[in-house]
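Here is a friendly note to read alongside the model.

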Amino acid sequence: MLISAGSYHTPPPGPHAPVTSKTLLIRDAAVIATFDDARRELTDASLLARDGVIEAVGPAASLPRTADEVIDARGHLVLPGLVNTHHHMCQSLTRAVRAVQDAELFSWLSGLYPIWARLTPEMIRVATQVAMAELLLSGCTTTSDHLYIYPNGVRLDDSIEGARAAGMRFTATRGSMTVGRSQGGLPPDEVVERPDDVLRETERLIGRYHDRARGAMLQIAVAPCSPFSVSRELMRDSAALARKHGVRLHTHLAENDHDVAYTREKFGCTPAEYAEELGWLGEDVWHAHCVKLDAAGLARFAATGTGVAHCPSSNMRLASGIAPVLAMRRAGVRVGLGVDGSASNDGAQMVAEARQALLLQRVGLALEPFGCDRGPAAMTVRDALALATRGGAQVLGRPDIGHLAPGMCADLALFDLGGVAFSGAAVHDPVGALLLCASPGAAYTVVDGQVRVRQGRLTSFDLDPVVRRHGELALALVAGG
């Protein structure tokens, strides 16, 4: 039976409506890796959820055997739902565009801006559905998205509409670009907005959509795009607006050498100094990339609780470098994983992203200036999976997701250990096998207690016609039609 995606805001029952409760039982799992404070890994275990909240996790013999819905998890690894902290979902329409396959960040952007200027509301809705389907199929249950270009009547509402169909937990960030080439910025003038319009629209979105409650399915964040596409004044005003309404702040920072050089030339400071001067450090802030964050900047991030979205595949694809994640974590910086834009990765497989993070830190020359030794112990499998779960939850300011324990949201992913990909590995270490072997997609993905992927197939909507339409739109977008 397909479980349809519901509204982000479900009204409470009326005064005479019967109080109902729905239970979900994940029964007899080979291993449940909780990623709780003790990082418990329970064998022959079960998990019981009620109304989208975990009620119990423990030995299968100690939990009920029946529920309204039961998933037979024999031979499966159960993890907290993976958390994606940085994405550009509209870019799924421009994956593998040949003209920019071998470009670094600035030339890559310059080649794609004119194409993205042709985006339409339908393209945003369909691209969001496809991007979220890809994430769900990889075991991801919560995602952010950074939409910063709004041509042809596009609004963030279009992205939210697509997300509603997918049924993911969603942090929608209202991005913006306000400094075009004529003012010394990188984007062409035709894709930038007026600062007053940006602030007005952002405030509208917060008022209409932002849910502050524990277990929220939809939240809004404020997200001017980058130092090379928005003004210092908009950065300051955006921070003030976000803090007025108690929402989070997000932007790109220190992504590659050209990014750092631009900040030094235009503003006479390092990226971290730029962020601090404009009010963009704090526990309510997370920055994407930070590949070129220096030691002083790293220390300020740690001292202020500022978060980082680490995007290893994109950083390699664009030859930006390797972020010093080990040094960040040792200093106490909050770090989560992001798949980044679908046109700079060009995939959205969260397990693959965690594997990439694991491998890169072991060879990362970027660690040496921070006094960190690279090598096979630089990052463990469980460290990498912690980035993809608890780390991402911390970066997004979500204490209700990221690990499996009573009272937490019932967001989880199940991986079948019985296939050829794990043969000879799962018998030794099922958790390690997930990253060290060629992991398939999730067998089940559960969001808010609802099954969104069942036996490897999406249940939220019929994916095939959406993928066909997505292909048609991708051809039309790049061709200029």
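1. Let us begin with a term for how much of a residue can be reached from outside. A residue is called buried under 20% relative accessible area, exposed over 50%, and partly exposed in between, using a 1.4 Å probe and protein chains only. Is Thr306 buried or exposed? At 0% relative accessibility, Thr306 counts as buried.

2. A word about the model itself. It is a predicted model, in which local features need pLDDT of at least 70 and side-chain atom pairs count only at pLDDT 80 or more, while totals for chains, interfaces and linings use all residues. Residues are numbered from 1 along each chain as its sequence is written, and side-chain values use heavy atoms, with hydrogens and water left out.

3. Leaving aside neighbours within four places in sequence, Thr306 is in contact (heavy atoms within 4.5 Å) with Trp280, Leu281, Gly282, Val285, His287, Phe301, Val333 and Arg334.

4. Thr306 also has polar partners. A polar contact is a pair of N or O atoms within 3.5 Å; within protein, one must be able to donate a hydrogen and the other to accept it, and residues adjacent in sequence count only if both atoms are side-chain atoms. The side chain of Thr306 makes such a contact with the side chain of Thr304, at 2.7 Å. A polar atom of the Thr306 side chain also lies 2.8 Å from the backbone nitrogen of Gly282.

5. Next, zoom out to the domains. The domain assignment, which is automatic or from a database, gives domain 1 (23–80 + 405–463) and domain 2 (82–396). Their C-alpha centres lie 29 Å apart. Domain 1 brings 37 residues to the contact and domain 2 brings 32 residues.

6. How much area do domain 1 and domain 2 bury between them? The value is about 2600 Å², with 61% of it on carbon and sulfur atoms. Buried area here is the accessible area (1.4 Å probe) that two parts lose on being put together, summed over both. Phe35, Leu435 and Phe461 supply 26% of the area that domain 1 buries against domain 2, more than any other three residues.

7. There are also charged and polar links between the domains. The count is six salt bridges between domain 1 and domain 2, where a salt bridge is a side-chain nitrogen of Lys or Arg within 4 Å of a carboxyl oxygen of Asp or Glu. Polar contacts between these domains number 16 residue pairs, both residues being at pLDDT 80 or more. On the domain 1 side that touches domain 2, helix 13 gives the largest share, five residues. The residues of that side divide into 21 nonpolar, seven polar and nine charged. In this grouping, Ala, Val, Leu, Ile, Met, Phe, Trp, Tyr, Cys and Pro count as nonpolar, Asp, Glu, Lys and Arg as charged, and the others, Gly among them, as polar.

8. How many salt bridges does the structure hold? The total is 34. One of them joins the side chains of Asp28 and Arg65, at 2.8 Å from N to O. Asp28 lies in strand 1 (residues 23–33) and Arg65 in the loop between strand 3 (53–59) and strand 4 (69–72), so the pair ties together parts that are 37 residues apart in sequence. Arg65 is partly exposed, with a relative accessible area of 41%.

9. Compare that with Glu122 and Arg469, whose closest N and O atoms are 2.8 Å apart in a salt bridge. This pair links distant parts of the chain: Glu122 in helix 2 (residues 121–137) and Arg469 in helix 14 (residues 463–479), 347 residues apart. Glu122 is partly exposed at 28% relative accessible area, and Arg469 is partly exposed at 32%. Elsewhere, Arg155, Asp157, Glu201, Arg204 and Arg208 are linked in a network of salt bridges.

10. Finally, find Gly456 in the loop between strand 18 and strand 19. Gly456 is partly exposed, at 37% relative accessibility. Gly456 and Leu137 are 319 residues apart along the chain, with 6.8 Å separating their C-alpha atoms. Beyond neighbours within four places in sequence, Gly456 is in contact with Leu137, Ala442 and Ala443.

How values were computed
Helices (H or I, at least four residues) and strands (E, at least two) are DSSP runs, numbered from the N terminus.
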